[in-house]
Amino acid sequence: APFDAVLDYLHEHHAAHLTNRTVADALGYHPNYVSELVKRATGLSLHQYLIHVRLTKAVSLLQNTSLPISEVASACGFCDLAYFSGCFKRTFKVNPSKFRNA
């Protein structure tokens, strides 16, 4: 199903710089179609869903590795540490280092 292909792609390539266009081009769909698939299935925009995927991966890395926070952010597709920390804190109500040490 097209939606499964989009989700699989986002999960496999979450660390890359992704946009509606890059995902659509990789899968042979129109960018608006990709956006609509994600929105209809998750209730989130592609960008919001991608942040969710990246933060879920970050939680796993924080719990299961001793990678520095900056490397966790980078491995999860966040190119800016402050942006990563802000997204993480908004979602989990605690910053990444406090989360790891909790």
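User: Helices are taken as DSSP runs (H or I) of at least four residues, numbered from the N terminus. In this predicted model, by about how much of the helix are F88 and F92 separated?

Analyst: The model is predicted, and in it both F88 and F92 belong to helix 6, which covers residues 81-92. Because the two phenylalanines are four residues apart in that helix, their separation is about one helical turn.

User: Is F88 buried or exposed, and is F92 buried, partly exposed or exposed?

Analyst: A residue counts as buried under 20% relative accessible area and as exposed over 50%, with partly exposed in between. F88 has a relative accessibility of 0%, so F88 is buried. F92, by contrast, has a relative accessible area of 32%, which means that F92 is partly exposed.

User: How many aromatic pairs does a search of the whole structure find, and how are the rings of F78 and F84 arranged: stacked, tilted or edge-to-face?

Analyst: Searching the whole structure for aromatic pairs gives seven. In the pair formed by F78 and F84, the ring centres lie 5.1 Å apart and the planes meet at 55 degrees. Both F78 and F84 are buried residues. Planes under 30 degrees apart would count as stacked and those over 60 as edge-to-face, so the F78 and F84 pair is tilted.

User: What is the arrangement of the rings of F88 and F92?

Analyst: The ring centres of F88 and F92 are 4.7 Å apart, and their planes stand at 50 degrees.

User: Which residues do ring pairs link into a cluster, and which residue lies over the face of F78?

Analyst: The cluster linked by ring pairs is made up of F78, Y83, F84, F88, F92 and F99. The face of F78 also has a residue lying over it, at 6.0 Å from the ring centre, and that residue is R54.

User: Are helix 4 and helix 6 roughly parallel or roughly perpendicular to each other, and how many residues of their contact are nonpolar?

Analyst: Helix 4, residues 46-64, packs against helix 6 at an angle of about 90 degrees, and the two axes are 11 Å apart. An angle of 65 to 115 degrees counts as roughly perpendicular, and the two helices are therefore roughly perpendicular. Helix 4 contributes H47, I51, L55, A58, V59 and L62 to the contact, while helix 6 contributes Y83, F84, C87, F88, T91 and F92. By class, this contact holds two polar residues and no charged ones, and its nonpolar residues number 10.

User: At what angle do helix 1 and helix 3 pack, and how many residues of their contact are nonpolar?

Analyst: Helix 1 (residues 2-12) and helix 3 (residues 31-42) have axes 10 Å apart and pack at about 95 degrees, which makes helix 1 roughly perpendicular to helix 3. The contact draws on P2, F3, V6 and L10 from helix 1, and on Y33, V34, L37, V38, A41 and T42 from helix 3. One residue of this contact is polar and none is charged, and the nonpolar residues number nine.

User: Which residues does Y9 touch, not counting residues up to four places away in sequence?

Analyst: Y9 is a residue of helix 1, and its relative accessibility of 17% means that Y9 counts as buried. Its C-alpha atom is separated by 7.5 Å from that of V23, although Y9 and V23 are 14 residues apart along the chain. Leaving out residues up to four places away in sequence, Y9 touches L18, T22, V23, A26 and L27.

User: Is A24 buried or exposed, and which residues does A24 touch, not counting residues up to four places away in sequence?

Analyst: A24 sits in helix 2, and with a relative accessible area of 0% A24 is buried. Once residues up to four places away in sequence are set aside, A24 touches Y29, H30, P31 and V34.

User: Which residues does H14 touch, not counting residues up to four places away in sequence?

Analyst: H14 lies in the loop between helix 1 and helix 2 (20-27), and at 11% relative accessibility H14 counts as buried. Setting aside residues up to four places away in sequence, H14 touches L50, V53, R54, K57, A75, C76 and G77.

User: What is the phi of K93?

Analyst: K93 is found in the loop between helix 6 and helix 7 (96-101), where K93 is exposed, with a relative accessible area of 68%. Most residues other than glycine have a negative phi. K93, although not a glycine, has a positive phi of about 65 degrees.

How values were computed
Residues numbered from 1 in each chain as written. Predicted model: local features only at pLDDT ≥ 70, side-chain atom pairs only at ≥ 80, totals over all residues. Heavy atoms only, no water. Axes fitted to C-alpha atoms, helices over the stretch in contact; angles between N-to-C directions. Parallel < 35°, antiparallel > 145°, perpendicular 65-115°, else oblique. Contact = heavy atoms within 4.5 Å. Nonpolar A, V, L, I, M, F, W, Y, C, P; charged D, E, K, R; others polar. Buried < 20%, exposed > 50% of the residue type's maximum accessible area, 1.4 Å probe, protein only. Phe/Tyr/Trp six-rings, centres within 6.5 Å; stacked < 30°, edge-to-face > 60°. Lys NZ or Arg CZ within 6 Å of the ring centre and 35° of its normal.
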